[in-house]
Amino acid sequence: MTSPADKQQHPRSCGNGGALKRGPDRENQGNTTTCSTAMEGGRGLEQHRRVSSVWKSYLYQLQQEAPKPAAVLCTDRPPDSPPYYGLEYHGKITRHHCEKLLTENGTYIVRHSDRAEGFYTLSMRFNDVIKHFRLYYDGKHYVGEKRFDTVHDLVADGLVTLYMESQAGEYLKKMSATSYLNSPHYTITKSLRRHIRTNRYAVVDTENQRPVSPKDTTPFSKAEEQDKDNCSAQDITTQRPHRFNVHTFTGLHWCGLCGHFLWGFVSQGVKCQDCNFKAHKQCSSRVPNDCCPDLKDLQSIFGADLTTSLRGSTESVPSVVTECVSEVEARGLTMEGIYRVPGSQDQIEALRLAFERDGNRVNLTEKAVPDINVVAGVLKLYLRLLPIPLITSQCFLKLQAVCKLSTREAKVSGIREALQTLPAAHLSTLKVIIMHLAR
């Protein structure tokens, strides 16, 4: 995800001796149909279809559409300039002068307050109106609760918030009304916690007559029937309270309660210290006592944004995709109904838990996973749970337009152009999936 303080800015001349510094063009990405829909089918998928409809891209799209910060630079730096302000500081100028400088939405300056000596004002244009805020600095820049390293970051976050409130004010007030039983967190982790609980019981090494820890068992170990019965729906509520702290998330993340995007660039929401539950601050008050610390050790592969999950990794494609594709190609290409015939949902969830726990160290051989449809089901599940689908809306709309072109050459060129709009992680993964389906 692009940093709010994007340094790729292009100054241009502006009246009154200033220069306008603009951020990059906006990008529109959101939910649309992915290539995983081509693999759907069979029984036992209703739960996961519900999950795919829970992730909501509306607020993510709004953040992409929000005005970008653009500092109007002062070419003649005032002698009273504080060391913690840059060329965006214009000294003592009037509000009337601000209107001449701030001609486009997103532009901003810092000035000495003309109403309170010793204080500074952030002035910026939003929605064709000049807004003024008292600006503070204590090692970080702030106008409210959030603290920022630079004024540019503060303005970027502020523009997103203002845009959200202007475009979806009533929507924001109602979004936390989602029932917890219908929330992404509950739906996605319910079966994981059942498997975690089940694998704690009754798995015994008969040769040595000793209990075997879940880490020593295969992902497909099953407990006795009585232990399965103990793992009923009511046991999923742990009655343990979450310990939420305000958190700054790196990359793209979604609220576990309402399913909406955690917008902004700093302190976007809260995170439980014990189980990593992520939520908007206003949504966290509606989350029941259902903390499961066992989930903290999992890697959050399923349901995580593709680009974010690969951040800091040397891999260009998630290991769950490459491992599943490799195994299906090794022993599933001759299977009738591959990607159509469903595998056991219990086995799919167990294999998913293994990926969350062990990453690319999961054993997918025929001895460990006899039914190749289980491996195919895990791959379909991973693609289905992506908050931002493999083919983004921007790319999908371009591909739709390409289909209407008359010549083959124009279509090939249009497809290539459309695919280049995908984020790098999406494009790399899509290439692997397309090559796989073409075999």
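Predicted model: local features only at pLDDT ≥ 70, side-chain atom pairs only at ≥ 80, totals over all residues.
**View 1. Strand S3 sits under cover on both faces.**
We start with S3, residues 70-74. Five of its five residues are buried. Ala70, Val72 and Cys74 lie on one side, while Ala71 and Leu73 lie on the other, and all of them are buried. S3 pairs with strand S4 (residues 107-112) in the parallel sense, over two bridges. To find your way across that pairing, look for Ala71, which stands opposite Tyr108 in S4. Bring helix H3 (95-101) into the picture and you get a right-handed β-α-β unit made of S3, H3 and S4.

**View 2. Glu88 is a buried loop residue.**
Glu88 belongs to the loop that runs between S3 and H3. Its relative accessible area is 13%, and the cut-off for buried is under 20%, so Glu88 counts as buried. What does Glu88 touch, leaving aside its neighbours within four places in sequence? Its contacts include Ala71, Val72 and Leu73, which are residues of S3. Tyr108, Ile109, Val110 and Val151 are also in contact with Glu88.

**View 3. S10, S11 and S12 form an open sheet.**
The three strands come in the order S10-S11-S12, with antiparallel pairing. Strands S10 (244-247) and S12 (278-279) are at the edges and have a single partner strand each, so one side of each has no neighbour in the sheet. Zoom in on S10 and S11 (residues 269-272) and you'll find four bridges in the antiparallel sense. One handy landmark is His247, whose bridge partner in S11 is Gly269.

**View 4. Helices H10 and H11 pack at an angle of about 65 degrees.**
H10 covers residues 345-358 and H11 covers residues 372-384, with their axes 9 Å apart. The crossing is right-handed. On the H10 side, the residues at the contact are Gln347, Ile348, Glu349, Leu351, Arg352 and Phe355. They meet Val374, Val375, Gly377, Val378 and Leu381 from H11. Sorted by class, this contact has seven nonpolar residues, two polar ones and two charged ones.

**View 5. Leu333 is a partly exposed loop residue.**
Leu333 is found in the loop between helix H9 (319-331) and H10. Not counting residues up to four places away in sequence, Leu333 touches Val328 and Arg439. Ile372 is 39 residues away from Leu333 in sequence, and their C-alpha atoms are 9.8 Å apart in space.

Methods
Residues numbered from 1 in each chain as written. Heavy atoms only, no water. Axes fitted to C-alpha atoms, helices over the stretch in contact; angles between N-to-C directions. Left-handed = near helix turned anticlockwise from the far one by under 90°. Contact = heavy atoms within 4.5 Å. Nonpolar A, V, L, I, M, F, W, Y, C, P; charged D, E, K, R; others polar. Pairing = 2+ DSSP bridges. Buried < 20%, exposed > 50% of the residue type's maximum accessible area, 1.4 Å probe, protein only. Right-handed = clockwise from strand over helix to strand, strands pointing away.
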